[in-house]
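The following explanation leads the reader through one protein structure, from the overall fold to individual residues. Please consult the structure alongside the text.

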Amino acid sequence: MIFAFRSAGLNAVLFVKDLKVNIVLMGCPGAGKGTQSAKLQDVFHLKHISTGDVLRAEIASGSALGKEIAGIINKGNLVPDELMISILEKIVKATDKGIIFDGFPRTVAQAKALDEMMKRLQREITEVVMIELPESEVVSRIASRRQCRKCGEILHVAPDAPASSACPVCGGELYTRPDDTPERVKHRLEVYHTETLPVKNFYQNSGKYVEINGNQTPEQVFEDIVRVLKKVK
Ligand code: AMP
């Protein structure tokens, strides 16, 4: 299927087939990975795999595993690599679409396991896009973040917005993630520095690694990502 995507900032209409790219979308907490992944999924018919969303769904199911996971992620820590990798492999195997990996890999061990898994499945990571955001922006951005319990939409609200309001997309309940408090965000940033930034070094010389300025409007960030995809295809 061929379709067109037009954006004010792009000079031309970009014609793409259903993209068979497999993108790793990296960035610190609050960089906009979820927002950009959702747009990429819609426009390019990709499969968006957010490991954070997968874990939150497991928690919402009320399972014993979900309770264990809640104990880890609500403190801002990382779920063990082996568990993440086995969860991810099932989801990857179930789709033949191009994939956006959002929030995975978060450790070098996960990055290596992802390479091996993709080889096994005769696929490969085609781009690694790092959304760079100054840390001074992170806390205020996350403080305004709300997510819809029903459809997963991510929104940023004004500081004086009522604590609970409805999702403009589906009417579902908007909530503040328990790991989005200032203390948890500080800890998640520390974890990001020690565990996830080495993943950047892992990919940097792969010829697939690109950095995007995340300190722009979501539309501008999206256009930058589309430019990257356009160059590759
Ligand atoms: P996110 O929605 O991507 O911000 O992820 C929320 C939380 O889920 C993280 O702070 C981790 O506790 C956990 N998590 C998500 N992805 C991973 C991963 N790839 N490895 C380990 N833990 C993860």
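Helices and strands are here DSSP runs, of at least four residues for helices (H or I) and at least two for strands (E), and they are numbered from the N terminus. By this definition Gln122 belongs to the loop between α5 and β6. The model under discussion is a predicted one.

The protein contains eight helices and ten strands. Its C-alpha trace extends over about 40 × 40 × 30 Å along the principal axes. For 233 residues, a compact globule would have a radius of gyration near 17 Å, and the value for the protein, 17 Å, agrees with this. Of these 233 residues, 46% count as buried. Among contacts between residues at least 6 apart in sequence, 71% join residues at least 24 apart. The accessible surface comes to about 11900 Å², and carbon and sulfur atoms account for 53% of that area. The protein carries 32 positive and 29 negative charges, whose mean positions lie 4 Å apart.

Strand β3 (residues 22-26) runs parallel to β6 and is joined to it by four bridges; Ile23 has Glu127 of β6 as its bridge partner. β6 also pairs in the parallel sense with strand β10 (residues 209-213), over five bridges. Here the bridge partner of Val129 is Val210 in β10.

Strand β7 (residues 145-148) pairs with β8 over three bridges in the antiparallel sense, and Arg146 has Leu155 in β8 as its bridge partner.

Two residues in helices may be considered next. Thr51 is located in helix α2 (residues 51-60). With a relative accessible area of 5%, Thr51 is buried, since the cut-off for this class is under 20%. Leaving aside residues up to four places away in sequence, Thr51 touches Met84, Leu88, Asp102, Gly103, Phe104 and Arg106. Ala143, by contrast, is in helix α6 (residues 135-143) and counts as partly exposed at 49% relative accessibility. From C-alpha to C-alpha, Ala143 is 22 Å from Gln220, and the two are 77 residues apart in sequence.

Most residues other than glycine have a negative phi, and most peptide bonds are trans. The peptide bond from Phe104 to Pro105, however, is cis, with omega near 0 degrees. Pro105 lies in the loop between β5 (99-102) and α5 (108-120), and Phe104 is one of the residues that Thr51 touches.

His45 is in the loop between α1 (33-44) and β4 (47-50) and is partly exposed, with a relative accessible area of 28%. Gln122 likewise has a positive phi, of about 55 degrees, although it is not a glycine. Gln122, in the loop between α5 and β6, counts as exposed at 76% relative accessibility.

Note on methods. Residues numbered from 1 in each chain as written. Predicted model: local features only at pLDDT ≥ 70, side-chain atom pairs only at ≥ 80, totals over all residues. Heavy atoms only, no water. Pairing = 2+ DSSP bridges. Buried < 20%, exposed > 50% of the residue type's maximum accessible area, 1.4 Å probe, protein only. Contact = heavy atoms within 4.5 Å. Rg over C-alpha atoms; globule rule 2.2 N^0.38 Å. Areas by Shrake-Rupley, 256 points an atom, 1.4 Å probe, with all protein chains shown as cover. Lys, Arg positive; Asp, Glu negative; His and termini not counted. Charge placed at Lys NZ, Arg CZ, Asp CG, Glu CD.
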